[in-house]
Each structure stands twice: as C-alpha cells, then as structure tokens.
Amino acid sequence: MAHGIPHVDKTTYTNWTCQMAAAAIRAGVALEDSQLLYEGVTDLSFIQKELRTKTGALAHSTRHKKSPVGLLTDHVHYQIALLAAYQAGGDERCLKEAVENATWMRTHLEDAENGGFYYNLHDPNAKGFLLLRDKPWDDNMAAARSFMALSALTGDPLWEGVTRSILKY
C-alpha cells in the first residue's frame with residue numbers, strides 16, 4: 001500500500017540551531033577548519049537576523065506567528081553560541097550581543113527572589129505547558145555555565161553573581 005511522500009518538517013528551531021552553531025564554531029577552531037567556523041557563524045547570523053525580535057526576545061522557530069517567543073532554552077543556547085563565536089575570533093559584537101541577551105534574560109526570565117530562570121515569559125493567556133512557571137534544571141545549568149563564561153570574558157562580577165543565584169535554586 002503506497003503512502004506517498006512523507007512530510008518533512010523544515011522548521012528551524014532556535015535552540016537547536018544555536019547548539020549546532022556553537023558546535024560548528026568550536027569544531028572549526030579545534031580542527032582548524034575555516035568552513036565549519038564559517039557555517040557556525042552563518043547559522044548564528046541567521047538567528048540574529050531572522051529570529052531575534054525588536055524587543056530582544058527570540059522566536060522559538062521560523063513559524064513566527066505560531067511560535068512562542070522568549071523561551072529560556074533559546075536564549076541560553078544563543079548566549080553559548082555567541083560566546084563561542086567571540087572566543088573563536090574576538091568579535092566584540094558577539095560579546096556585546098551576549099551581554100544584551102544576558103540582560104534580557106535577567107529582566108524577563110529570572111526569578112530574582114528564589115534564583116534560577118523560568119522557562120518562558122509570563123503570559124496568563126498561554127496554553128498548556130507554556131502556562132506553567134517551570135524552571136527547568138538542564139537549561140538553568142546551561143545558563144549557569146554561560147553566565148560564568150560571560151563573567152570570565154567580561155571581567156564583570158555581576159555575571160558571577162547571577163551564576164551563584166542560579167546554582168542556589
């Protein structure tokens with residue numbers, strides 16, 4: 001029985017694209033492969049141009065109208081990719097963008113009272129999982145690593161304090 005051509009989801013997801021970009025950048029440096037480095041930086045540029053909103057929030061996918069914005073997983077992996085790009089080539093724009101992203105995360109997702117970061121922006125009209133104010137352990141641990149790296153790269157102790165706050169929750 002023929003079923004036809006299977007559906008292929010061509011959606012680009014921000015968190016996965018950022019993870020791929022960071023891996024390509026790091027592999028490009030380690031393997032001295034300029035093509036890998038270029039591909040990682042190109043992926044990161046796509047995120048900056050296509051999925052970063054005017055408010056600084058990242059859309060979760062290329063399905064803008066149906067995609068949630070401002071998810072912790074997207075912002076954390078974006079920050080990790082930005083820091084990898086900065087470390088690979090010293091592009092100050094990447095470090096500046098990482099600081100802006102970190103500031104956005106603190107403003108919109110941080111639980112300043114109890115530590116850690118919420119998974120998503122507060123939206124009383126959200127549906128399903130997005131209605132919860134969850135603080136996922138894995139994304140928070142990735143955030144802690146990225147804030148510690150940001151502290152080391154900028155010399156700003158504020159980011160070390162954020163790391164400590166994440167780890168206390």
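Start with the side chain of Thr 14: one of its polar atoms sits 2.5 Å from the backbone oxygen of Ala 59. This is a predicted model, so take that distance as computed. Thr 14 belongs to helix 1, residues 14–30. Is Thr 14 buried or exposed? Its relative accessible area is 0%, under the 20% cut-off, so Thr 14 counts as buried. Beyond the four places on either side in sequence, the contacts of Thr 14 are Ile 47, Leu 51, Leu 58, Ala 59, His 60, Ser 61 and Asp 74.

In soluble globular proteins, nonpolar side chains tend to be buried together. Here the largest nonpolar core has 37 residues, and those touching the most other members are Val 76, Tyr 78, Met 105, Phe 117, Phe 147, Leu 150 and Ile 166. Helices 1, 2, 3 and 4 each give two or more residues to this core, as do helix 5 (137–154) and helix 6 (157–168). Helix 3 contributes the most, 10 residues. Take Phe 147 from that list: leaving out neighbours within four places in sequence, Phe 147 contacts Gln 79, Ala 102, Met 105, Phe 117, Trp 159, Val 162, Thr 163 and Ile 166.

How much space lies in the largest pocket? About 220 Å³. Two or more lining residues come from each of helix 2 (34–51), helix 3 (72–89) and helix 4 (92–108). Helix 2 gives the most, with 6 residues. Among the lining residues are Leu 37, Val 41, Gln 48, Asp 91 and Arg 93. By class, the lining holds 6 nonpolar, 4 polar and 2 charged residues.

Definitions and conventions. Residues numbered from 1 in each chain as written. Predicted model: local features only at pLDDT ≥ 70, side-chain atom pairs only at ≥ 80, totals over all residues. Heavy atoms only, no water. 1 Å grid on protein atoms, 1.4 Å probe; cavity = no way out; pocket = protein on both sides within 12 Å on 5 of 7 lines; lining within 4 Å. Points joined across faces, edges and corners; volume = space filled by probe spheres on them. Helix = DSSP H or I, 4+ residues; strand = E, 2+ residues; numbered from the N terminus. Nonpolar A, V, L, I, M, F, W, Y, C, P; charged D, E, K, R; others polar. Buried < 20%, exposed > 50% of the residue type's maximum accessible area, 1.4 Å probe, protein only. Polar contact = N/O pair within 3.5 Å; in protein donor to acceptor, adjacent residues only side chain to side chain. Contact = heavy atoms within 4.5 Å. Core = buried A, V, L, I, M, F, W, Y, C linked by side-chain atoms within 4.5 Å.
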